Amino acid sequence: MSIADLFNSIIEGTVIAQFFNGDGWMRLIMILIGVLFLYLAIKKGFEPYLLIPIAFGIILVNIFPEIYITTNASGEVERGLLGFLHLGVECELYPCLIFLGIGATTDFGPLIANKKTMLLGAAAQIGIFIAFFGSLLLGFNFFEAASIGIIGGADGPTAILVSNSLIPNNGGMLAAIALAAYSYMALVPIIFPPIIRLMTTKKERLIKMEQLRPVSKTEKILFPIIVTLVVCLIIPSSTPLIGCLMLGNLIKECGVVPNLLNTCANALLYICTILLGLSVGATANGETFLQLATLKIFALGIAAFITAAICGLLFGKLMCKLSKGKINPMIGAAGVSAVPMAARVVQKEGQKEDPSNFLLMHAMGPNVAGVIGSAIAAGILLTIFL
């Protein structure tokens with residue numbers, strides 16, 4: 001073998017050469033998208049805990065596809081490192097464990113103190129069903145439409161669980177749905193403020209709400225138990241998500257297992273977040289991801305988010321009128337499941353009008369109600385289509 005042949009064989013063995021063969025350019029584009037997500041996560045602070053592992057998974061699988069899943073010469077499927085990690089998604093393990101951690105870090109006190117705000121969380125879930133019917137009009141089947149619709153709940157783990165249950169063999173669509181859900185969650189501080197200002201008047205934004213009543217420890221302990229019994233008995237398909245969410249919250253509120261609380265709220269939550277992010281990113285291979293359907297999913301996702309915010313705000317305006325101006329309608333925008341980002345946006349918008357107006361705790365009521373609502377909506381969809 002000559003030196004020239006040796007040099008050519010080395011070049012052909014690199015990934016760089018593969019980018020210029022067949023569909024290799026798609027993998028190059030996905031690597032650039034992965035780099036863009038890293039920039040948004042690190043430089044702009046857009047949901048860094050999830051976007052960093054997702055972006056790295058995208059980069060790894062498009063450099064070396066064998067790290068995920070490949071088919072050998074005899075037609076057998078072989079899993080690589082990320083393929084084995086993805087089993088946690090396929091078995092619905094990571095989303096449920098993340099909900100356990102979310103429950104351990106969530107204070108349901110504002111919702112218990114003002115139970116009417118649960119209606120705002122329910123109103124925001126209308127975005128899920130608007131996106132569902134929109135997906136059907138764009139040519140998706142019922143299973144795909146249900147998976148796309150759940151993006152409107154602004155809840156990444158729920159979107160992944162529903163998608164994996166309804167379209168388990170469509171890796172490209174699963175990746176698109178997961179990326180849309182988490183991308184738009186990260187963009188809540190950008191998407192929601194103009195919608196809030198458009199849908200509310202200055203007078204409404206200036207409304208100050210009465211301080212919430214203190215919530216007893218007994219109420220906080222009973223709440224997760226009662227919610228679990230009521231919701232899971234009526235909608236059993238929501239049991240994995242609601243059960244884990246409420247177990248995590250019970251661990252937090254009972255106050256007798258501090259080590260379990262510390263594990264759920266920290267180590268377990270962040271370990272599962274890393275594994276989920278890498279697993280989701282691994283499904284975004286260029287050949288399967290870069291399709292027209294992906295663009296439709298992102299368009300439907302943003303439509304679902306905007307619809308959810310508008311529905312929450314409209315119901316907030318109705319509650320404002322019925323309460324004779326005691327409820328600031330802006331808190332309706334926090335009815336999505338993006339905790340606590342949506343509530344923080346409401347707080348910032350309120351303080352732009354009046355620095356002495358503190359709406360954060362009032363907005364946390366519909367915000368945590370949105371978490372419960374998205375899990376219930378997911379259970380309804382799974383009940384219908386499974």
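Me: Which residues lie nearest the centre of the largest pocket?
Reply: E47, M185, V339, P340 and M341 lie nearest its centre, among 34 lining residues. A pocket here is an open set of 1 Å grid points for a 1.4 Å probe, with protein on both sides within 12 Å along at least five of seven lines, and lining residues have an atom within 4 Å of a point. The model is predicted, so local features need pLDDT of at least 70 and side-chain atom pairs 80 or more, while totals for chains, interfaces and linings use all residues. Residues are numbered from 1 along each chain, and side-chain values use heavy atoms, without hydrogens and water.

Me: Which element gives the largest share of that lining?
Reply: α21 does, with six residues. Helices are DSSP runs of H or I with at least four residues, numbered from the N terminus.

Me: What is the volume of the second largest pocket?
Reply: About 430 Å³, as the space filled by probe spheres set on the points. Its lining has 21 residues, with M118, V227, V231, I372 and I376 nearest the centre.

Me: Turning to cysteines, how many disulfides are there?
Reply: The count is zero, a disulfide being a pair of cysteine sulfur atoms within 2.5 Å. For C96, the nearest cysteine sulfur is that of C244, 4.6 Å away.

Conventions. Helices (H or I, at least four residues) and strands (E, at least two) are DSSP runs, numbered from the N terminus.
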